[in-house]
Amino acid sequence: MNLPDRFRDEEHLEEVMSQPSPALVERMKSLDGDLIVLGIGGKMGVTLGRQAVRAIREAGVKKKVIGVSRFSDESARKKLEAVGLETISCDLLDRAAVSDLPRCANVLYMAGRKFGTSGDSALTWAMNTLVPSNVAEHFTKSRIVVFSTGNVYPLTPVVSGGATEATPVAPVGEYAQSALGREKIFSYHAARHGTPLAIFRLNYAIDMRYGVLYEIGKQVWNEQPVDVTMGHANVIWQGDANTQALLALGHCETPPNILNVTGPETLSVRWAAQNLGRLLGKEAKIVGREAENALLSNSAKATKLLGYPRVSLLTMLEWTADWIRSGGRDIGKPSHFEVRDGKF
Ligand SMILES: NC(=O)c1ccc[n+]([C@@H]2O[C@H](COP(=O)([O-])OP(=O)(O)OC[C@H]3O[C@@H](n4cnc5c(N)ncnc54)[C@H](OP(=O)(O)O)[C@@H]3O)[C@@H](O)[C@H]2O)c1
């Protein structure tokens, strides 16, 4: 993979982020059927859809990739259509509308709601449990990769190496509880219909325009204090997370195959702030003291099945510093990785 030193602009970023891996191109050669991506209009979906189309083209096979969202951001729809996806505008809360969607063999389920939960938790529960029910009842004969989150686990000791798939779930706060609800509703329908699932418990995708490194870097750049109480996190390049989600179509099982997806490192927030400070020519103002536990996942199982990420942590740090220094766009959707009480 040819990685640039920096991104010229957002189109360059999205072009690099949507490069398919050789393993994904190979996978597309043997995968049967079309793909449908539900909730494609958000932070990850646009580059996931583009990567899928590129992998299919490079594989020299014919399949459709259909992107479904409400498309509250019309530019997302335009970008997807420009790179060769079909789009369908649909509110997935509307059961009748879901029942009209084409029943593709391969489903990536990306819709969800996190922020605003503290103000309207009923909508979060509806989004994270009713929508999965609508979808799982319609796509009973498909294989489904269900995006979920490492937030279903409790905070784990930093020295433990993070929660594994065998760690008992103990979600903190209503967003995390409803995300577990999403998994359980999918699993319930999958058990009734024999639908193969991969439950994709992701921790913190890194784009340039949002994400843990961007948030830390912005604080350092603006000479604001960096609180290190949530002292550790896991991150993965968004392009790699999307590659792994598409590869997970080959690992959908009954009962569901649970996969923790993130980078291999346990990132120290203090270390990241200091290194971003070095790259930005600023001194990081560290406040607080690292807690002994943090929201951490162990991705050893997924890494064995899906491969190591292609973009390294240091590369992500260098890109992030350059993006911030050159005034790259902030999409205004912080991860709030520092939250320890589950209130989003
Ligand atoms: N990004 C991360 O670091 C991260 C970490 C852990 C887990 N995840 C999970 O991974 C998934 C994808 O992440 P993301 O960051 O791309 O999420 P996102 O930005 O929240 O995107 C999800 C998209 O789903 C669409 N959607 C929401 N409600 C819908 C509805 N009723 N009908 C149709 N579409 C609807 C929305 O687009 P429209 O407005 O166009 O409908 C929304 O932008 C999410 O489920 C998220 O919880 C992400």
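Proline 255 sits in the loop that runs between α9 (238-247) and β12 (257-261). The structure is a predicted model. The peptide bond leading from threonine 254 into proline 255 is cis, and its omega is near -5°. Most peptide bonds are trans, and most residues other than glycine have a negative phi.

The ligand is surrounded by 24 residues, and the closest are Met44, Arg70, Phe71, Ser72 and Ala205. By type, the shell is made of 13 nonpolar, 7 polar and 4 charged residues.

| Residue | Atom on the protein side | Distance to a ligand oxygen atom |
|---|---|---|
| glycine 42 | polar backbone atom | 3.4 Å |
| lysine 43 | N or O atom in the side chain | 2.9 Å |
| arginine 182 | polar side-chain atom | 3.1 Å |

The ligand exposes 870 Å² when taken alone, and the protein buries 89% of that area. Two elements, β5 (143-149) and α7 (173-193), each give two or more residues to the shell around the ligand. Of the elements, β5 contributes the most, with 3 residues.

The largest nonpolar core has 41 residues, and the members that touch the most others are Leu35, Leu108 and Phe147. The element that gives the most to this core is helix α3 (residues 45-59), with 7 residues. A separate core of 37 residues includes Phe7, Met17, Tyr214 and Leu280.

What does phenylalanine 147 contact, leaving aside its neighbours within four places in sequence? The list is Met44, Leu48, Leu108, Tyr109, Met110, Arg182, Phe200, Leu202 and Ala245. Leu108, another partner of phenylalanine 147, is itself one of the members of the largest core that touch the most others.

Is asparagine 203 buried or exposed? Its relative accessible area is 2%, under the 20% cut-off, so asparagine 203 is buried. The side chain of asparagine 203 reaches the backbone nitrogen of glycine 150 at 3.2 Å. Beyond its neighbours within four places in sequence, asparagine 203 is in contact with Thr149, Gly150, Asn151, Asn234, Val235, Ile236, Val261, Thr262, Leu295, Leu296 and Ser297.

Tyrosine 204 is not a glycine, yet its phi is positive, at about 55°. With a relative accessibility of 12%, tyrosine 204 counts as buried. Glutamate 223 also has a positive phi, near 55°, in a residue other than glycine. This glutamate lies in the loop between α8 (212-221) and β9 (225-227). Glutamate 223 is partly exposed, because its relative accessible area is 44%, which falls between the limits of 20% and 50%.

How values were computed: Residues are numbered from 1 along each chain as its sequence is written. This is a predicted model: local features need pLDDT of at least 70, side-chain atom pairs count only at pLDDT 80 or more; totals for chains, interfaces and linings use all residues. Side-chain values use heavy atoms; hydrogens and water are left out. A residue is near a molecule or strand if one of its heavy atoms lies within 4 Å of it. A polar contact is a pair of N or O atoms within 3.5 Å; within protein, one must be able to donate a hydrogen and the other to accept it, and residues adjacent in sequence count only if both atoms are side-chain atoms. Accessible areas come from the Shrake-Rupley method with a 1.4 Å probe; for residues, only the protein chains shown count as cover. Helices (H or I, at least four residues) and strands (E, at least two) are DSSP runs, numbered from the N terminus. Ala, Val, Leu, Ile, Met, Phe, Trp, Tyr, Cys and Pro count as nonpolar, Asp, Glu, Lys and Arg as charged, and the others, Gly among them, as polar. A nonpolar core is a set of buried Ala, Val, Leu, Ile, Met, Phe, Trp, Tyr and Cys residues joined through side-chain atoms within 4.5 Å. Buried means under 20% relative accessible area, exposed over 50%, partly exposed in between (1.4 Å probe, protein chains only). Contact means heavy atoms within 4.5 Å.
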